[in-house]
Structure formats: structure tokens, C-alpha cells
Amino acid sequence: MKKIINDPKTVVAESLRGLAVAHADVLRVEDDPAIVVRVDAPVAGKVAVISGGGSGHEPLHGGFVGQGMLAAAVPGAVFTSPTPDAVEAAVKATTGDAGALLIVKNYTGDVLNFETAAELAAAEGLDVRSVVIDDDVAVKDSTYTAGRRGVGGTVLLEKVTGAAAERGDSLDAVEALARKVIGQVRSIGVALTAPTVPHAGEPSFELGDDEIEFGIGIHGEPGIEKTPALPADELVARMVEAVVTDLPFSEGDKVLLFTNSMGGTPLVELYLAHGIAERLLAERGIVVERRLVGPYITSLEMQGMSLTLLKLDDELTELWDAPVNTPALRWGV
């Protein structure tokens, strides 16, 4: 195993220290338990949108803390859910009278620990709601989940709900918006190589030199099948087919297309794949109105990619375009 680390046990803590000094203008990191908090939190009169999960998916979630997106992020150990006390600490650090919305990816540990934290916060008089995102079309049950997994759509959900909270929407409205997004977003991922978790020291699964795993999760969970490596045209066509037919998306729909690197796939390949996806969607009469391309929800150094489609309307487009100032997404400010 070759990684730029000192000790597998301290990877997350040291990374968070680097995040804090690199982006002290937008966030702060609190210790014991570790949470990443918007620098001006709590913001009076505004809903706190909070998310989190295991580390190793950066910039998700800490890289999305700041104006117009998350009030706080709760990082667990690599590929390990954060504890309820850490989630509760994030709620207390950011939540006022307007309440908080917890965005939870559908992984069993995340769901249980965020639910427990919400109950603890509610017992102290805070208005805390939760939504669970499950946008992966690949499998219904997997290594860490009952039901579909929460994957790339999480990034889009955090941006849209964060923008709604920033403009002053009520907790009821932000929650309703979140459920709307969850109902209209779908994703699929593919792996060319496996990630290596620092404390494990070896790849999390095996793939032959000429194999890919179609339909993987963001921890390298098994997908639909292992297949021979495909040319980009064929691979992207299969991914587009899986996503489009699931909602389903239809001719005339306006969408946001998010083409994501799983960490190790370079932008030269990612833009190539994005161009193919845009062409295939256009051939179906689906209109790509907004785009995001890059490594925004990763799986350590895994080579691979995911495609996410969000069905847009005027409100969602306006909220996507709204100003955002975080380490990973920044525009309009």
C-alpha cells in the first residue's frame, strides 16, 4: 500500500486539520467529536442543513460546508458511519429556532446513527427532521444497505436544500423540497479498480486487468456484475440506459447531468464520458440544462465513474444556480 499518510489511525484527524487551515474563511473544525461547521454558524433564522458519513468520499461531505450548502458535516472514520454523539454535536452547533434537516445516505449505519441523534436533539427541544436519499439504480440491497444506496444524488440534494435554507425557507419547505429531489434523481456507478482503505492495507475487492464492476457503490460494494472492460461509447450507453429507464426520464425532460470521478479517474477520461452522455441524452430528446463534472463524491483512489441525472423544474434550476461558497463548490459570490 502506497499512500501519503503517516498512520492509518490518524488519517481522518490529520486531513480535517488540513481542511480547516485551507478553508478557514468558510468553515471551522471542532474536535472530540470531530465535526465540520460553517464558520458563521449558527445562522439566525435559517434552517441548518446537516449531512455526514464515513470519510474517504471527499469532498463529500466536509467540502460542501459553507454559505448556500451545508451548515455542518459529520465525518466518521474511513468508510465508517459517524457516531450519534458526533451528529448530535453538529446539530447543537448549528441549529436555532428554524430547526435542522439531516440528509442521510441510505446505509444502515448512517440511518441508525442519524436517527438516534435526531431523537436525542428532539428530546432537548430542537426541531430536527431527517430525509434518506437512495438514488442508486443498480441494486435493491447491498453490503451496507437495506434498499437502494445513497450515492451521487447526495451532492445535488445538499446543494439544492442548502440554497433553500440560505434564502430563508422554513423547515417544512426545505424538507418537502428534499423529498422532491429524492424522487427525481437517479445514479449508476462503475469501477475499474478497487479502493484501498488505509487501515485494511489491501484493495477492498478484486478485479482482473480486463474487468470492470458495473453498478458499484461508493464503498466498492458489489454491483450488478463483473464484465469485460468496454469501450467508452458502450460503457456510457449502458449507464445512461440504466439511469434513464429507472425513473423513467422522458423526451422533453430538462435535467442536470452530474458526471463524477470515483477518485482515480482523470478529467481527460471524465470529460470524454460526459460528452458521450450528453450526446446520448440529446438523442432521446432529454435536455441537459445544467452540468457538474469532476470528483465530488469519491471512493478513495478508486478508478471509475458515476452518472447522476436530476429532473429539473424552474425552482430546482434557480436553487442550483444560487450562490454557493464552499471548499468544493463556489460560484455567484
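Predicted model: local features only at pLDDT ≥ 70, side-chain atom pairs only at ≥ 80, totals over all residues.
Begin with the largest pocket by selecting Val11, Ser15, Ser55, Gly56 and Glu58, which lie nearest its centre among the 29 residues that line it. The space in this pocket comes to about 610 Å³. Next, colour helix 1 (11-22), strand 3 (48-55) and strand 4 (72-78), the elements that each give two or more residues to the lining; helix 1 gives the most, with six residues. If you then colour the lining of the largest pocket by class, 15 residues are nonpolar, 10 are polar and four are charged. Colouring by domain shows that domain 1 (11-179) and domain 2 (185-323) each contribute at least three residues to this lining.

For the largest cavity, with about 110 Å³ of space, select Arg38, Lys46, Val47, Ala48 and Ala71, the closest to its centre of the 16 lining residues. Strand 3 and helix 4 (153-166) each supply at least two residues here, and helix 4 gives the most, with three. The lining of the largest cavity has 10 nonpolar, three polar and three charged residues.

Where does the second largest cavity lie? Select its lining residues, including Asp136, Val151, Ile188, Ile216, Asn260 and Ser306, and display both domains: domain 1 and domain 2 each give residues to the lining, so the second largest cavity lies between them. Its volume is about 60 Å³, and its lining has six nonpolar, five polar and one charged residues.

Technical notes. Residues numbered from 1 in each chain as written. Heavy atoms only, no water. 1 Å grid on protein atoms, 1.4 Å probe; cavity = no way out; pocket = protein on both sides within 12 Å on 5 of 7 lines; lining within 4 Å. Points joined across faces, edges and corners; volume = space filled by probe spheres on them. Helix = DSSP H or I, 4+ residues; strand = E, 2+ residues; numbered from the N terminus. Nonpolar A, V, L, I, M, F, W, Y, C, P; charged D, E, K, R; others polar. Domains from an automatic or database assignment.
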